[in-house]
Amino acid sequence: MKSKKLPLRQLIPVIVVILTVVFIWLCTSENDLKNELAESTGNTTESLLVKVTTEERTDAETTVHKSTLEETSSEMSASEETSEHKSETEGNVNLESTTIQNSQTKPPEIQTTEIVTSPNTEPPEPTTATETLQPPVLSDNGIFSGYYAAATARMQTMTTDEKIGQMLFARCPSGNAAEIARQYHIGGYVLFGRDFQGKTAEEVKNNISSYRTSQEIPMVIATDEEGGRVVRVSSNPLLSDEAFSSPRDIFNSGGMELIKSKEVKKAEMLSGLYIDTNFAPVCDISVNESDFMYPRSLGQNAGTTADFVRSVTQISQSKGVSAALKHFPGYGNNIDTHTGIAVDTRDYNTFVNNDFIPFQAGIQSGVHLVMVSHNIVNCMDSTKPASISKPVHNILRNELGFTGIIVTDDLSMDAIKLYSGEYPPTVTAVLAGNDMLIISDIDASFNEIKNAVNNGTIEQGVIDRAVVRILAWKYAKGLM
């Protein structure tokens, strides 16, 4: 049977249907492929973006981390440079383990497992006991202020007995001096002629060494080596090849240059014997031969006396011997206060324009001590001798700007005993503002001050301030 062929026009619809189906299938497949490609490409792009973002954040964090480390390192370097500069400026001082000036706080540790996003602006926590101490008791910008912090730290570890002992500048006992120094925690001994008489240099040095090593805080050792009438040391030919002449005689024979050369020799003699403080120069102005103070003074006007005081102060202290200006506020033509009271009736302008000038020269030269006389100076305080007068001490501190150690003249002098009021002279002297008291009766003086502290007559803060200044002086001298 023959097959029957369909006409072409009947096949056209069939072909169209087939082509339509193929076209639709091709379009569907193409869209699926595009979607798959787009989805695949989108995932890859997102992955790349995430990677780039992560790397950028890591780089930024690393940069901040590095910056923080660099800043911390820079702060440590600056701190070390400051500490080194401070040590060089203040000198080689052997401080205790509680020394504040040279202690440094450790910077906070940076954990490498954590990301630092910003510099640490919080102050580091204190790591040592010294960093939790109270501010220094004294806040003035004084000549010993670089040592106030260390002195405050040390003072806070001391008992009341130890503090009181530091304020005593005692006449050296004739026997058991080292044991007595240890018992009363004496701040300093004053050596007189008997302490040098007939002794060799080695004997003097051995004695002084025994005093200093008898207690934890070394004492200062002082004497009066003015020249002329007052030569405690050089009067002994075993200690000096000459007894020093008075400043007036030296000046009259060779002027200021000869005074300077003699002062160098004197300071080196004292320092060589372990004596670190000299109660000189005499700043008193006296041009009248009948005055009690004339033989001990330069015998010149205020300006020349000021030059003398300035030279002696600078030379003595450059050799390690602290100078002490005396006798504030100026002795004038008054009588001897060792045996009776002297009343000065001059007006205040006389002191400002005359007597104060040599003292100001010494203070401006950085003198360590000023000794106050027992004269009653009516224009400053008509009721009490200067050594126990608060108004006089206020003038020395506030008007003349003295920030060092104020020390009394010897409180055993007759002139002082009848004018101290309701309290013993030692107590009145502390209340007036003295840092150290020259005394002869150690036991009585110690107990008088202690009783006054215990009953509230002397506030603890008054003692603390004096002791901080004394300790700062000792740090500055290299004794501590």
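Let me start in the sheet: strand S6, residues 277-278, and strand S7 run parallel and are joined by two bridges. Strands here are DSSP runs of E with at least two residues, helices are runs of H or I with at least four, and both are numbered from the N terminus. Two strands count as paired if DSSP finds at least two bridges between them.

Before going on, the basis. This is a predicted model, in which local features need pLDDT of at least 70 and side-chain atom pairs count only at pLDDT 80 or more, while totals for chains, interfaces and linings use all residues. Residues are numbered from 1 along each chain as its sequence is written, and side-chain values use heavy atoms, with hydrogens and water left out.

Back to S6 and S7. Asn278 stands opposite Ala323 in S7. Between the two strands the chain passes through helix H7, residues 302-318, and this β-α-β crossover is right-handed. Right-handed here means that, with the strands pointing away from the viewer, the path from the first strand over the helix to the second runs clockwise. The loop between S6 and H7 holds Pro281, and the peptide bond from Ala280 to Pro281 is cis, with omega near 15°.

How buried is S7? Seven of the seven residues of S7, 322-328, are buried, so the strand is largely enclosed by the rest of the structure. Buried means under 20% relative accessible area, exposed means over 50%, and partly exposed is in between, with a 1.4 Å probe and protein chains only. S7 also contains His327, and the peptide bond from Lys326 to His327 is cis, with omega near 5°.

Moving along the sheet, three bridges join S7 to strand S9, residues 369-372, again in parallel. Phe328 has Val372 as its bridge partner in S9. S9 pairs in turn with S11 over four bridges, in the parallel sense, and there Val370 is partnered by Ile406.

Now the whole sheet. It is open, has eight strands with parallel pairing, and its order is S11-S9-S7-S6-S3-S2-S1-S12. Strand S11, 405-408, and strand S12, 437-439, are at the edges with a single partner strand each, so one side of each has no neighbour in the sheet.

Ser373 is buried, at 1% relative accessible area. Its side chain reaches the backbone nitrogen of Asn375 at 3.3 Å.

Asn176, in the loop between strand S1 (168-171) and H4, has phi near 55°, a positive value in a residue other than glycine. Asn176 is exposed, at 62% relative accessibility. His185, in the loop between H4 and strand S2 (188-191), also has a positive phi of about 55°. His185 is partly exposed, with a relative accessible area of 22%. In helix H4 itself, residues 177-184, is Ala181, which is buried at 0%.

Next, empty space. Rolling a probe the size of a water molecule over the atoms shows where empty space is left. On a 1 Å grid over the protein atoms alone, a cavity is a set of points where a 1.4 Å probe fits but cannot get out; a pocket is an open set with protein on both sides within 12 Å along at least five of seven lines; lining residues have an atom within 4 Å of a point. Points are joined across faces, edges and corners, and a volume is the space filled by probe spheres set on them.

The second largest pocket has a volume of about 380 Å³. It is lined by 20 residues, and Arg397, Gly433, Asp435, Arg465 and Arg469 are the closest to its centre. Which helix gives the largest share of this lining? That is H9, with five residues. By class, the lining has eight nonpolar, six polar and six charged residues. Nonpolar covers Ala, Val, Leu, Ile, Met, Phe, Trp, Tyr, Cys and Pro; charged covers Asp, Glu, Lys and Arg; the others, Gly among them, are polar.

Last, the cavities. Of its 16 lining residues, Glu226, Pro247, Glu263, Lys266 and Phe308 lie nearest the centre. H6 supplies the largest share of that lining, six residues.

Notes. A polar contact is a pair of N or O atoms within 3.5 Å; within protein, one must be able to donate a hydrogen and the other to accept it, and residues adjacent in sequence count only if both atoms are side-chain atoms.
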